[in-house]
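Dear colleague,

Please find below the structure for your review. My notes on its interfaces follow directly after it.

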Amino acid sequence: MVDRLRPSDPPTSSNPRVRQVEAILHGTVIDHIPGHMTLKVANLLARENDQVSIGMNLRSARMGRKGVVKISGRELDARTLSRLALIAPSASVSIIRDTQVVQKFTVPMPKLFEDIARCANPNCVTNHERWASRMEVVNTDPLTVCCIYCERTFLATELALL
Amino acid sequence: MSAGAGEHPVAFPPAALPFAPVQFTGRHVVSISDFSRNDLIHVLELAARMESSKSPARLDGKLMATLFFEPSTRTRLSFEAAMHKLGGKVIGFSDAGSTSTKKGESLADTIRMVERYADVIVMRHPRDGAARLASEISTVPVINGGDGGNQHPSQTFLDLYTIAKLFPALLSGERELTIAFAGDLRYGRTVHSLLTALCHFKVRMLLVAPRGLEMPEQYLNAAAKAGLVVQEVPTLQEVVAQADVLYMTRLQEERFPDPLEFDHIKHSYRITAAMLASAPAHLRILHPLPRVNEIAIDVDATPHAHYFAQAGNGIPVRQALLSLVIGTV
Ligand SMILES: [Zn+2]
């Protein structure tokens with residue numbers, strides 16, 4: 001699914017800096033992942049048979065150390081982008097076609113995370129009934145959400161993805 | 001009269017009455033945060049009419065379902081009394097053991113069934129957020145009678161109504177009221193919701209809580225944002241001398257890891273008639289009930305005791321809520 005892709009966008013020239021992770025032909029590059037989240041992001045994105053390259057503790061002018069995850073042959077669907085927004089809100093996403101970056105954007109921050117993470121309140125009704133969790137973003141730095149059911153507020157880092 | 005503290009029937013200043021029309025028909029009553037200042041005043045004003053009128057608006061032919069997935073005799077009786085007084089009828093259950101929930105029926109399915117024969121659903125449930133979930137399914141209004149440790153909005157409406165009746169200055173703003181909360185302010189949902197509601201009015205707050213059971217930051221922040229002056233005070237005795245309203249809450253032993261500490265704390269958060277000797281005449285003590293030890297029995301005979309009258313206010317307030325959401329007023 002490429003719903004975030006606008007084909008009319010002009011292609012961006014590829015990053016002139018020295019590549020720290022091997023280039024891919026088609027697929028998605030998730031860059032600027034906070035160091036400790038890199039493996040989590042890779043796990044989240046990789047499906048069976050996906051070819052994934054991971055770069056950890058890479059140098060970054062913006063964030064000191066960062067992680068990069070490259071996934072071949074696939075672009076991210078809306079749900080995956082939402083999950084990415086929750087665990088790595090600062091990450092950037094590049095869509096690669098024929099080795100060219102055709103689109104680059106920071107992970108879009110939804111207003112509401114629907115069925116993305118488990119509510120961290122053990123007594124929340126969404127943990128006891130078959131009902132999707134819904135959490136509203138109340139602050140983006142640090143990313144903080146409020147469960148619309150139990151009305152508890154959590155840091156995104158306290159939540160487990162569904 | 002404006003000094004307040006007499007148990008008069010309706011004493012709302014006319015200034016409080018002209019408000020923008022509020023649409024209530026079909027609305028759910030899930031969380032006090034869903035209500036604006038206008039909404040709150042509208043409910044209080046109607047509760048006052050309900051209380052003073054010999055024949056308030058009727059709900060003949062209307063059916064209220066009380067779904068009590070955990071028992072709460074007090075809340076259930078109050079809603080049932082309110083419905084009966086309006087001429088409506090009541091069905092329901094008063095503990096989950098007697099329902100199909102025990103057989104594994106989901107809350108969603110229970111609601112889908114009940115909404116087909118009731119005009120309004122009043123529910124109490126042990127899980128936080130259960131009423132919000134029900135409100136997303138139900139085509140008839142859902143009134144939250146308590147969802148776990150989260151919300152109990154009809155209690156907040158009746159608390160607010162009690163304060164407004166005692167001290168019309170709450171709504172008129174002619175004087176800044178001083179309202180004190182004492183006890184477990186961390187886990188006590190009644191004080192969280194009441195503070196949220198009071199953010200719409202001009203009041204000064206005094207908070208007295210044992211260490212570790214202080215009012216959570218999110219409510220303090222909201223109060224500060226609303227422009228309320230909030231002061232944490234070390235002792236109950238200090239509060240007694242300054243407050244118009246002292247709202248007491250229960251201290252629960254299980255919140256204290258050390259039983260000795262609880263023993264010590266519970267004495268410093270207990271109000272007695274002797275402590276009230278220096279209190280201003282208009283000080284009124286409220287409590288959501290049931291009380292345990294935090295209000296000594298000898299306080300009952302003082303003019304400061306107002307918790308039973310407060311509980312009685314639950315009837316007109318619930319009459320108002322039922323009439324508003326069913327849409328007969
Ligand atoms: Zn929740």
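Predicted model: local features only at pLDDT ≥ 70, side-chain atom pairs only at ≥ 80, totals over all residues.

A salt bridge is taken here as a side-chain nitrogen of Lys or Arg within 4 Å of a carboxyl oxygen of Asp or Glu.

Residues are numbered from 1 along each chain as its sequence is written, chains are lettered from A and ligands numbered from 1 in the order in which they are written, and side-chain values use heavy atoms, with hydrogens and water left out.

Within chain A

Chain A is assigned domain 1 (27–106) and domain 2 (112–161); such bounds come from an automatic or database domain assignment. Taken over C-alpha atoms, the centres of these two domains of chain A are 23 Å apart. Domain 1 of chain A brings 8 residues to the contact and domain 2 of chain A brings 9, where contact means heavy atoms within 4.5 Å.

The two domains of chain A bury about 770 Å² between them, with 73% from carbon and sulfur atoms. Buried area is the accessible area (1.4 Å probe) that two parts lose on being put together, summed over both. On the side of domain 1 of chain A, the greatest losses fall on Arg79(A), Arg83(A) and Leu86(A), which together make up 63% of what that side buries. The rule also finds 1 residue pair in polar contact across this domain interface (both at pLDDT 80 or more). A polar contact is a pair of N or O atoms within 3.5 Å; within protein, one must be able to donate a hydrogen and the other to accept it, and residues adjacent in sequence count only if both atoms are side-chain atoms.

Between chain B and chain A

Here the contact takes 21 residues from chain B and 14 residues from chain A. The buried area is about 1300 Å², of which 43% lies on carbon and sulfur atoms. In chain B, Arg127(B), Asp128(B) and Leu133(B) lose the most area to chain A, together 41% of what the chain B side buries.

Between chain B and chain A there are 3 salt bridges. The side chains of Arg134(A) and Glu136(B) form a salt bridge, at 2.7 Å from N to O. Polar contacts join 14 residue pairs across the interface of chain B and chain A (both at pLDDT 80 or more).

Yours sincerely
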